[in-house]
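Grab a pencil and open the viewer.

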Amino acid sequence: MLLTVLTLLIAIVIYMIIAGRLLRPMNSLLKVTEALSAGDLTKRVPIVRNDEIGRISSIFNNVADKMQFLISDLESAVEERTKELYKLNHDLEENKDKLQLLLDSTAEAIYGIDMNGRCTFCNKSAIKLLGYNSQEALLGKNMHSQIHHSRRDGKQFNIEDCRILQSIKQGKEFEADDEVFWRADGTSFDVEYHSYPQIRDGEVVGGVVTFMDITERKQREAKIQYLSNHDILTGLQNRRSFEENRIKMDIPEHLPLSVIFADINGLKMTNDIFGHSEGDKLIKETANILVRSCRENDIVARVGGDEFIILMPNTDSKNAEKIIKKIKTEFI
């Protein structure tokens, strides 16, 4: 009996030793597997046997080594790429700031649009001329609807007729000085603008528009044009303007066409006795009488110092005599 018990105990001990040697590598493999699945790549399976379990453990360790290497290399690459992207973004922002500074330093107003006419950027001159407080008030807005929606007389300017958008979509430069832009407060100003297509990789992606307020220039031009066609003292048409209108009026639709020639008697004597200021008053009063005595479509011109001509379309001699009589009555 004692021998049997002793034999049984020895068998149990041997079994435990053998089971431990068999299961210990498996337990180690399971623990390392759990650590790996939890994200810990530092754990390795100890190799205690050169059997199938040992070879599996060795292969598992090699896989873990490669995974750790790949992840470490990936982390390094991501870190390096992140630094590169940060530098690129920093350089881009710096270049963007430099470009905006350059744009804001120009006196000429500038704004950019995409292919749909929406504002992509603008400089300080554009913001100021258009009467806005900041760039944000224009960014993303359709610039035709915002500043180019109507003509000088207030008539709607259809977007299909907008030459800025047409030039950009056609990839052609365009300039104009016969239109107006509208400010934020609803007032307009005469504008000269230049439209340039923005091309990237051979494809038009938008446009850049430069413009300036030419209201004062237009006023000067209008004044020069007025002075070139009118007598300064009386405001009547001068000889040059009369000759141009005479050609335009001398057509069959205006026949019969009557002409009245008139001059001021004694103008030289008035200037000599009373001075040129009184002579100028006489000339201006004569001009006023002639204008009051004529009809709206008649042309009254001062063609010399004391000489006037009246051109009357669709007027026969009888009606011309009536006007002469009215003029004489005014001078009495």
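Rings of Phe, Tyr and Trp (its six-membered ring) pair if their centres lie within 6.5 Å; planes under 30 degrees apart count as stacked, over 60 as edge-to-face and the rest as tilted. The model is predicted, so local features need pLDDT of at least 70, side-chain atom pairs count only at pLDDT 80 or more, and totals for chains, interfaces and linings use all residues. Residues are numbered from 1 along each chain as its sequence is written, and side-chain values use heavy atoms, leaving out hydrogens and water.

**Exercise 1.** Find out which residues form one aromatic cluster.

*Solution.* Start with the count: the structure holds five aromatic pairs. Next, take F181 and F189, an edge-to-face pair with 6.4 Å centre to centre and 85° between the planes. Finally, widen the view: Y111, F174, F181, F189, Y193 and F211 make up one cluster.

**Exercise 2.** Work out the strand order of the open sheet made by three strands.

*Solution.* Strands here are DSSP runs (E, at least two residues), numbered from the N terminus, and two of them pair if DSSP finds at least two bridges between them. Look at the edges: β6 (258-263) and β7 (299-302) each pair on one side only. Then check β7 against β8 (residues 307-312): four bridges, antiparallel. Within that pairing, I299 sits opposite L311 in β8. Put together, the order is β6-β8-β7, with antiparallel pairing.
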